[in-house]
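Dear colleague,

I am passing on the structure we spoke of, and would be grateful if you could look through it alongside the notes that follow.

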Amino acid sequence: MLVTTTKGDMDDSLLEKRNGTVDNDNELTTWVEYWLEGELVHRSAHVTLKKTVTLTSSVASF
Amino acid sequence: MANTQSMCTSFMSQLMLGEHQLGTATLVSRTSLTAPTTDTLKAALYLTTATINAATTVYTVTGEVSGTNYTAGGVTVTNATAPASTNTSATAGVAFFTPSASLTFTTVTLSTAFDCVLLYNSTQSNKAISVHTFGSQTVTAGSFSLTMPANTTSAALIRLATT
């Protein structure tokens, strides 16, 4: 599979792949990195937002 | 400095003034007398060192990310789903809205850490709507996407609730 990198498209077999996940109340995030000889050449991240912003309204009584 | 997730305070009064039209357009008298006009919403990313919060009134370039293939102002938000509302009792209910597609920044390099997206109305003078934060990120010759929560009464990105 070709990976877009800072050095152009490269076959992933030439690269070291690292990935991870963060899952908490606010987000589910996955990221993937590709390294070439100790240099980061690609990093992508995908965040799923979990937390809503809410306006709580009220009306006054007469 | 830090970014803080919140609804923008100015957005709340602007709702009462009818200055925002999210989702499918229905209002014909605001900017056109003959046809509904849907507002264009945009989403911009901000550095972890920025200060974007409830006090933010308009989109600003101050603190915005910059880098390869990132255009100042961010990306256009797919805005095809009209806000909905549901009554939960005789005195309570929820109105809610979620953009209808993920936000995607493709083949970008954003080397300085960012942790915030500002949703704003580019049709209405870039007026701010809401601020959403996430864990600090960088991107290198890759993509960054923000997937929206489910558009439901409890999970939608923006909710207006009576209790």
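Two strands are taken to pair here if DSSP finds at least two bridges between them. Please bear in mind throughout that this is a predicted model.

With that criterion, strand β3 of chain A, residues 16–23, pairs with β4 of chain A, residues 27–36, through eight bridges, and the two strands run antiparallel.

Turning to the contact between the chains, 26 residues of chain A are in contact with 31 residues of chain B. On the chain B side, the elements that each supply at least two residues are β1 (6–7), β7 (127–147) and β8 (158–162), and β7(B) provides the largest share, with 15 residues. Sorted by class, the side of chain B that touches chain A consists of 15 nonpolar residues, 15 polar residues and one charged residue.

Strand pairing also crosses from one chain to the other: β6 of chain A, residues 53–57, is joined to β8(B) by five bridges, and these two strands run parallel. In that pairing, Val53(A) stands opposite Ile158(B), which belongs to β8(B).

With best regards

Key:
Residues numbered from 1 in each chain as written. Chains lettered and ligands numbered in written order. Predicted model: local features only at pLDDT ≥ 70, side-chain atom pairs only at ≥ 80, totals over all residues. Contact = placed C-beta atoms within 7 Å. Helix = DSSP H or I, 4+ residues; strand = E, 2+ residues; numbered from the N terminus. Nonpolar A, V, L, I, M, F, W, Y, C, P; charged D, E, K, R; others polar.
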